[in-house]
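Reader: I would like to go through the labels used for this model and check each one against its rule. Please start once the structure is up.

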Amino acid sequence: MRHVIGNWKMNGGEALLREFASGLPGECPWPDVRLGLAVPAPLLGAAVRMLPDWVRVGAQNVHWEEAGAFTGEISPALLREVGCRFAIAGHSERRALFGEDDAAAVRRLSGALRSGLTGILCVGESRREREAGRAEDVVERQLRGLADAGEPLDLETGAEALIAYEPVWAIGSGEAARPDQIAAMHEHIGRLSLRFFGTVLPVLYGGSVSGDNAAEIFALNSAAGALVGSASLDVRGLINIASEASRIA
Ligand code: PGA
């Protein structure tokens, strides 16, 4: 099973959703691929209504509490209520531009899981960290926070935790990480997740994934899927990537 998750970031509106919905088949054409789309929060309800059921709608961020005095935050319970199936936590843009740290990312992931949403924790190093030879340490630190939080990852709610390895330098740059770099980091994350959580969590790759490089990414056994930003704004782009994920299953 592979996950192909589109992330519209702060883009799109109802017109794009309509165009998207009209470009998708009524039934899922790939039994071995789960397609998801993370749209901006004000579009979540419309996305659940307009997209076919087999497309999982998700949020780009989520709070750890279900309700309370947290102005501007997004309740995981409410996400469930409007029909969301997953939420992203710790995206590098949240970390770099909005001051979210490892602890917040982990709490957000936990909030999603406790509410029965699939949670996707993003990890990844900056260019400077890679050049300094610290990429593996940075990712270890980001994952250790999750281990320290002691969150049970196999909750009875059926919630599922996924890790997305997204090197910051590859996001939105048009320069995806090389397959050997992805494979090495996926292996590192696999070892860490076995050590920290007693299980190998599925690991996606994100950062300039497109129809042009999807095949070489999915050729990696370690790639449980892809988190796709700009290429997901075009329904054909996302369909191409999902078809590759299925072809090279
Ligand atoms: P990109 O974004 O595909 O545009 O590089 C990926 C992401 O931020 O999840």
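Labels and their rules

Author: Helix α10 (residues 235-247) has 13 residues and reaches 18 Å from its first C-alpha to its last, close to the 18 Å expected at 1.5 Å a residue. The model is predicted: local features need pLDDT of at least 70, side-chain atom pairs count only at pLDDT 80 or more, and totals for chains, interfaces and linings use all residues. Residues are numbered from 1 along each chain as its sequence is written, and side-chain values use heavy atoms, with hydrogens and water left out.

Reader: What makes a stretch a helix or a strand here?

Author: Helices are DSSP runs of H or I with at least four residues, strands are DSSP runs of E with at least two, and the numbering starts from the N terminus. Helix α10 has 13 residues.

Reader: How do you get the expected span of a helix?

Author: The expected span is 1.5 Å times one less than the number of residues. Just after α7, G150 has a positive phi of about 65°.

Reader: Why is H3 called buried?

Author: Buried means under 20% relative accessible area, exposed means over 50%, and partly exposed lies in between (1.4 Å probe, protein chains only). H3 has 6% relative accessibility, so H3 counts as buried. H3 is in strand β1.

Reader: And why is M50 called partly exposed?

Author: The relative accessibility of M50 is 25%, and therefore M50 counts as partly exposed. M50 belongs to helix α2 (residues 44-50).

Reader: Which residues of α7 and α10 are buried?

Author: In α7 the buried residues are A135, V138, V139, E140, Q142, L143 and L146. In α10 they are V235, G237, L238, I239, I241, A242, E244, A245 and S246.

Reader: What do the strands form together?

Author: Eight strands close into a barrel with parallel pairing, in the order β1-β2-β3-β4-β5-β6-β7-β8. From one strand to the next the twist averages 25°. Angles run from 0 to 180 degrees between N-to-C directions, with axes fitted to C-alpha atoms, for helices over the stretch in contact. Helix α8 (residues 179-197) packs on the sheet, touching β5 (118-123), β6 (161-165) and β7, and makes about 145° with the direction of β7.

Reader: Which way do the residues of β8 point?

Author: G225 and L227 point one way from β8, A226 and V228 point the other way, and all are buried. In a regular strand the side chains alternate between the two faces of the sheet.

Reader: What makes a space a cavity and not a pocket?

Author: On a 1 Å grid over the protein atoms alone, a cavity is a set of points where a 1.4 Å probe fits but cannot get out, whereas a pocket is an open set with protein on both sides within 12 Å along at least five of seven lines. Lining residues have an atom within 4 Å of a point. One cavity of 30 Å³ or more is counted, and the largest cavity holds about 80 Å³ of space. β2 gives the most to the lining of the largest cavity, with three residues.

Reader: What lines the largest pocket?

Author: The lining has 21 residues, of which K9, M10, Q60, N61 and R94 lie nearest the centre of the pocket.

Notes. Two strands pair if DSSP finds at least two bridges between them. Contact means heavy atoms within 4.5 Å. Grid points are joined across faces, edges and corners, and a volume is the space filled by probe spheres set on the points.
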